[in-house]
Amino acid sequence: MSIKVEWKGGKAFEATSSTGHKVMMDASKEVGGEDRGSRPMELLLMGLGGCSGIDVIMMLEKGKQDVKDCQMEITSERADAVPAVYTKINLHFTVTGTDLNEKKVARAVELSAEKYCSVSKMLEKTAEMTHSYEIIEA
C-alpha cells in the first residue's frame, strides 16, 4: 500500500491512496488552516470506525443476523503534552435489526476489538480502548 500526500496551500494536504481514493486534510482556522478537510487525528478515528464496522457487519452477516443499520459513536481523550496521542478511546456500536442475537452482536464487537481490527490493535498501544454496544429492534 502506498499513499501520496500533496500540499494544497496553507495548511491543507490531499492524500491519494494507491486505489485512487482522495481525502482532504486541513488545520483549523485557529491555527492558520482554512478548515477545508478533516484533521489527521480525526481520520484515525474515522478509520477505526470503518475498520471495526466492516468486521462487525461481516461477522453478523455470516451469523445470519438481520441487520438493518449499524452506527458507531467514537469518543476519545488525548494527552495534554506533545505529541497529543490518544489516551482513551471508546467505540460504541448501535446495531439495529430484527431478532438480533445479543451473544452474536457481543461476540462480533469483541472479536473485532481483540483480533480483527488492525486500526484498533495499533491504537491500543497508546490508548485505553473500550467497546460497548446496544441493540435496537427494527
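Axes here are lines fitted to C-alpha atoms, for helices over the stretch in contact, and the angles between N-to-C directions run from 0 to 180 degrees. The structure is a predicted model, in which local features need pLDDT of at least 70 and side-chain atom pairs count only at pLDDT 80 or more, while totals for chains, interfaces and linings use all residues. Residues are numbered from 1 along each chain as its sequence is written, and side-chain values use heavy atoms, with hydrogens and water left out.

The protein has 3 helices and 6 strands, which are DSSP runs (helices H or I, at least four residues; strands E, at least two) numbered from the N terminus.

The axes of helix 1 and helix 2 come within 9 Å and cross at roughly 135°. Helix 1 is therefore oblique to helix 2, since angles under 35 degrees count as roughly parallel, over 145 as roughly antiparallel, 65 to 115 as roughly perpendicular and the rest as oblique. The residues that make the contact (heavy atoms within 4.5 Å) are set out below.

| Helix | Residue range | Contact residues |
|---|---|---|
| Helix 1 | residues 40-62 | Ser 52, Asp 55, Val 56, Met 59, Leu 60 |
| Helix 2 | residues 102-116 | Lys 104, Val 105, Ala 108, Val 109, Leu 111, Ser 112, Tyr 116 |

Buried means under 20% relative accessible area, exposed over 50% and partly exposed in between, with a 1.4 Å probe and protein chains only. Of the 138 residues of the protein, 32% count as buried.
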